Amino acid sequence: MSHEHGNDTPHREHSHVPPDPALRVQALESLLTRKGLVDPGALETIIDTYANRVGPRNGARVVARSWANPDYRQWLLDDATAAIAHLGYEGRQGEHMVALENTDSVHNLVVCTLCSCYPWTVLGIPPGWYKSEAYRARAVREPRAVLEEFGVRLDDEVEVRLWDSTAEIRYLVIPQRPAGTHGWTEEALATLVTRDSMVGTGLALTPEQAGDAP
Amino acid sequence: MNGAHDLGGMHGFGPVPDKDDAHPHPEWYDRAMALTVATAAWGRWNIDASRRAREAMHPAKYLTLTYYERWIDALERLMVETDLLTEEELRSGEPADGSFTPPVDAEGARSALRRGGPTERKVDTPPRFRVGDRIRTINRHPAGHTRLPRYARGQGGIVLRHHGAHVFPDTNAHFQGEQPGHLYTVQFPARALWGPDAAAKDTVMLDLWEAYLHAD
């Protein structure tokens, strides 16, 4: 260690530490509410919406219906925005939806290399890994390696279609329906649909993985 | 702009972190998100301007800040740029003037979230390309905001889908108007973009405005 700065200048070292982001956000919130630029009730509504009301259970319901109902599945593939709105999910970051169907020969994977575009109406706020530099940098160049990290190993015969969300179109992957679920209700099927399976970094759970058959 | 945000293809970041979401996120992430969404209701900027502000920082700073720190940093700058805040208020934390009325309350925020911000627009010009057409992306490196990533410039692909006309981020981000243009999903062979290490079967899809494309 260099002693160039000696031990008497800890404040100089300290001044290079970036401000605590939690304190910075708190200061900004206080300033904005006192100035009348934001309403505290609006903030609580927004937080509550994405903590408790809008999340991957919405998307799971869409996927489960598409598994159970061929007409709905076709509608979802033809006009995802309308088919999803039909179940009550619409609005911010879901204005223009496209559904992508996984099959025996095609696996779809979604990324946003430039920022963090994600279908909020059906999946909620994206998880940290989706927004990470590693995922954004690598999914587009080596999707199969990324999928293996997530525990998804694809046959060489399967085509990986990688969707980089560069505009306001938001993508929902329809994972393949697991075997052994014939006759299941939509509610039961929805319990097999994970968030990752709707981004493409996972597959739907099998009844064994889910742990309980209905 | 060729900023640090244009991450597609970069090496060196290691494995994808926290794949099992084992760590609960700090509460201030939610508050940063909510502040960003609530202030957008002023209508003084748009989603493209927000992205432009998040990109407009030194690459080293971009890669050092965490995700929501970028949001907050950009939000503060946008609010100064659009005269909702002054530098002095940000420095002191004290409002110089408390006479504003928030554009949305709890109910207003709920309806704004449900309404969203559709970007499709009616235009008179017919689309230049049809599904199945071969196109090539332009090779341009604008200093301003753009949604054509570096890895996909000067590349040949096929039009997979036409989405109608959408607000053009390259102008909208700089408050130069929506200038809606036809938007297409274009499919590129992964090998054309990434070379022989990519799987021969794999393809990469991007949503690209007509201004980014010419016939090939």
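This is a predicted model: local features need pLDDT of at least 70, side-chain atom pairs count only at pLDDT 80 or more; totals for chains, interfaces and linings use all residues.
1. For orientation, chain B as a whole contains eight helices and six strands, and read from the N terminus its elements follow the order α-α-α-α-α-α-β-β-β-α-β-α-β-β. The C-alpha trace of chain B spans about 60 × 45 × 30 Å along its principal axes.

2. The domain assignment divides chain B into domain 1 (27-115) and domain 2 (120-215), and the centres of these two domains, taken over C-alpha atoms, are separated by 29 Å. The contact between them takes six residues from domain 1 of chain B and six residues from domain 2 of chain B. On the side of domain 1 of chain B that touches domain 2 of chain B, the residues divide into one nonpolar, one polar and four charged.

3. Chain A is also assigned two domains, namely domain 1 (10-51) and domain 2 (55-210), and the C-alpha centres of domain 1 of chain A and domain 2 of chain A lie 33 Å apart.

4. The contact between the chains takes 73 residues from chain B and 62 residues from chain A.

5. One part of the meeting between the chains is a pairing of strands, in which four bridges join strand E3 (residues 159-164) of chain A to E5(B), and the two strands run parallel. In this pairing Leu162(A) stands opposite Val204(B) of E5(B).

6. Another part of the meeting between the chains is a packing of helices, in which helix H2 (residues 21-35) of chain A and H1(B) pack at an angle of about 35°, with their axes 10 Å apart; the crossing of H2(A) past H1(B) is left-handed. From H2(A) the contact draws on Pro21(A), Ala22(A), Val25(A), Leu28(A), Glu29(A) and Leu32(A), and from H1(B) on Trp28(B), Arg31(B), Ala32(B), Leu35(B) and Thr39(B). By class, the residues of this contact divide into eight nonpolar, one polar and two charged.

7. Within chain B, H1(B) also packs with H4(B): the axes of the two helices come within 10 Å and cross at roughly 30°. Because angles under 35 degrees count as roughly parallel, H1(B) is described as roughly parallel to H4(B), and H1(B) passes H4(B) in a left-handed crossing. The contact is made by Tyr29(B), Ala32(B), Met33(B), Leu35(B), Thr36(B) and Thr39(B) of H1(B), together with Tyr68(B), Trp71(B), Ile72(B), Leu75(B) and Met79(B) of H4(B). This contact of H1(B) with H4(B) has nine nonpolar, two polar and no charged residues. A reader may wish to note that Ala32(B), Leu35(B) and Thr39(B) are named in the contact of H1(B) with H4(B) and also in the contact of H2(A) with H1(B).

8. Within chain A, helix H4 (residues 56-68) and helix H5 (residues 70-78) pack at an angle of about 125°, with their axes 5 Å apart, which makes H4(A) oblique to H5(A). Val62(A), Arg65(A) and Ser66(A) of H4(A) meet Tyr72(A), Arg73(A) and Leu76(A) of H5(A), and the residues of this contact divide into three nonpolar, one polar and two charged.

Key
Residues are numbered from 1 along each chain as its sequence is written. Chains are lettered from A and ligands numbered from 1 in the order in which they are written. Two residues are in contact if their C-beta atoms, placed from the backbone, lie within 7 Å. Two strands pair if DSSP finds at least two bridges between them. Domain bounds come from an automatic or database domain assignment. Ala, Val, Leu, Ile, Met, Phe, Trp, Tyr, Cys and Pro count as nonpolar, Asp, Glu, Lys and Arg as charged, and the others, Gly among them, as polar. Axes are lines fitted to C-alpha atoms, for helices over the stretch in contact, and angles run from 0 to 180 degrees between N-to-C directions. Angles under 35 degrees count as roughly parallel, over 145 as roughly antiparallel, 65 to 115 as roughly perpendicular and the rest as oblique. A crossing is left-handed if the near helix is turned anticlockwise from the far one by less than a right angle, and right-handed if clockwise.
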